[in-house]
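Subject: Structure for your review

Dear colleague,

Please find below the sequence and structure that I am handing over to you. My notes on what was found follow directly after them.

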Amino acid sequence: MTDVEPLLRELAPQVLGILVRRYGGFDICEDAVQDAMIAAVTQWPADGMPDNPRGWLLTVASRRRGELWRSEAARRRREENVAAMTPPDPEPVSGVDDTLRLFFLCCHPALTQASQVALTLRAVGGLTTTEIARAFLVPESTIGQRISRAKKTIKGTDFTLPPPDEQESRLAAVLHVLYLIFNEGYTATSGETLHRVELSSEAIRLTRQLSNQLPADGEVTGLLALMLLTDARRPARTTADGALVPLAEQDRGRWNADQIAEGDALITSALKSSPIGQYQLQAAIAAVHDSARKAEDTDWPEILGLYELLTAEAPSPMVTLNRVVAHAMVHGPAAGLAELAVAEKDPALAGHHRVAAVRAHLLDLAGDREAAAHHYRLAAAATDSGPERRYLEERGDRIVTSG
């Protein structure tokens, strides 16, 4: 990643939001912003950072948007109406910044929720098609086609912020987008660093803003609590050289106590006052982990019970794998392996490195060191994350040498 790319990731949604508000035409505006970012990556390292990076991007993107629009307008023989087609720049909605606004705009009701989420992650969230495919556990080509179809479906749509009642219908997709952006930031699916703090921090910022707008929504509160309770462990998740430290081996004194306290208060309040939902359940699980002073103090029966509720409320392959681990911690590794044998029949988990990693962990607990080492190495070979790969390889080597 170049030095300018983190700044561009931050500024791109802001510029895109201004263009969409000013001109409409999401697809053309997105293409214009992408062209402006390419120009910035090319020119800024050579010419120096402009005094006003956002203004520079806005100027270049606006000019490029004009070129793209005129090309389209010429094809339709309507170029003479350019001036008339440019509405005045409205004031932004109070309390909602352009990034969050774009989330709601991309989650258009003409799209399925899966397409809403994929389009928003790619166009606004800054995730690559590969990263989105990993999040959905589907082939990259499937996500590419989904995004392409979504853009075609909403092409020419009036992109104004929907009224409050329609915003509510889009909220589930917006929350899913924020959840996946946080996850990619907390555990990057590829690369040589475990964390992408710019993503997890932005997800927390936007979710906090959304929570301020919708304080009575239990799932919004639950998601913010989940992010805070999870991110609180980040200081202890890696060593000084970037190596992954698993939850059971972390120095819990390094966890962020303020984040834990805030997250715990939020989820306690939400569970008392709102209908239960998937993010509240996940936050409750995180709170149980965070309340244990030592790994051996973890209340695994409570965690297993929460995973049973989560499986009924919002089943998913990753929820299934996490429930298998909790089941093993309560009923023993043999019971966990039996559960895993059933879970891995899900096609979405075929070849996923976490299946092999869970099997290795359970085999290790069961005392089958040779098989555990083999599956740790299989898991290491299947992940694109450098820190995860090194950790899994080290676990496999340690089992062999200690045996």
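Helices here are DSSP runs of H or I with at least four residues, numbered from the N terminus. Please keep in mind that this is a predicted model.

With that numbering, His289 lies in helix 12. Is His289 buried or exposed? The relative accessible area of His289 is 10%, and residues under 20% count as buried, so His289 is buried. Leaving out residues up to four places away in sequence, His289 touches Arg233, Leu247, Arg252, Trp255, Thr298, Trp300 and Ile303.

Helix 12 (residues 278-291) also packs with helix 10 (residues 218-231): their axes come within 8 Å and cross at roughly 30 degrees. Angles under 35 degrees count as roughly parallel, and helix 10 and helix 12 are therefore roughly parallel to each other. Their crossing is left-handed. On the side of helix 10, the residues making the contact include Gly218, Gly222 and Leu226, while those of helix 12 include Tyr279, Ala283 and Asp290. Sorted by class, this contact has eight nonpolar, six polar and two charged residues.

Helix 1 (residues 5-23) and helix 2 pack at an angle of about 145 degrees, and their axes are 9 Å apart. The crossing of helix 1 with helix 2 is right-handed. Among the residues in this contact are Leu8, Val15 and Leu19 of helix 1, together with Phe26, Ala40 and Trp44 of helix 2. Which classes of residue make up the contact of helix 1 with helix 2? They divide into 15 nonpolar, no polar and one charged.

Apart from its neighbours within four places in sequence, Pro50 is in contact with Trp44 and Trp56. Pro50 and Ala40 are ten residues apart in sequence, and their C-alpha atoms are 9.6 Å apart in space.

Yours sincerely,
A colleague

Notes:
Residues numbered from 1 in each chain as written. Predicted model: local features only at pLDDT ≥ 70, side-chain atom pairs only at ≥ 80, totals over all residues. Heavy atoms only, no water. Contact = heavy atoms within 4.5 Å. Axes fitted to C-alpha atoms, helices over the stretch in contact; angles between N-to-C directions. Helix = DSSP H or I, 4+ residues; strand = E, 2+ residues; numbered from the N terminus. Parallel < 35°, antiparallel > 145°, perpendicular 65-115°, else oblique. Left-handed = near helix turned anticlockwise from the far one by under 90°. Nonpolar A, V, L, I, M, F, W, Y, C, P; charged D, E, K, R; others polar. Buried < 20%, exposed > 50% of the residue type's maximum accessible area, 1.4 Å probe, protein only.
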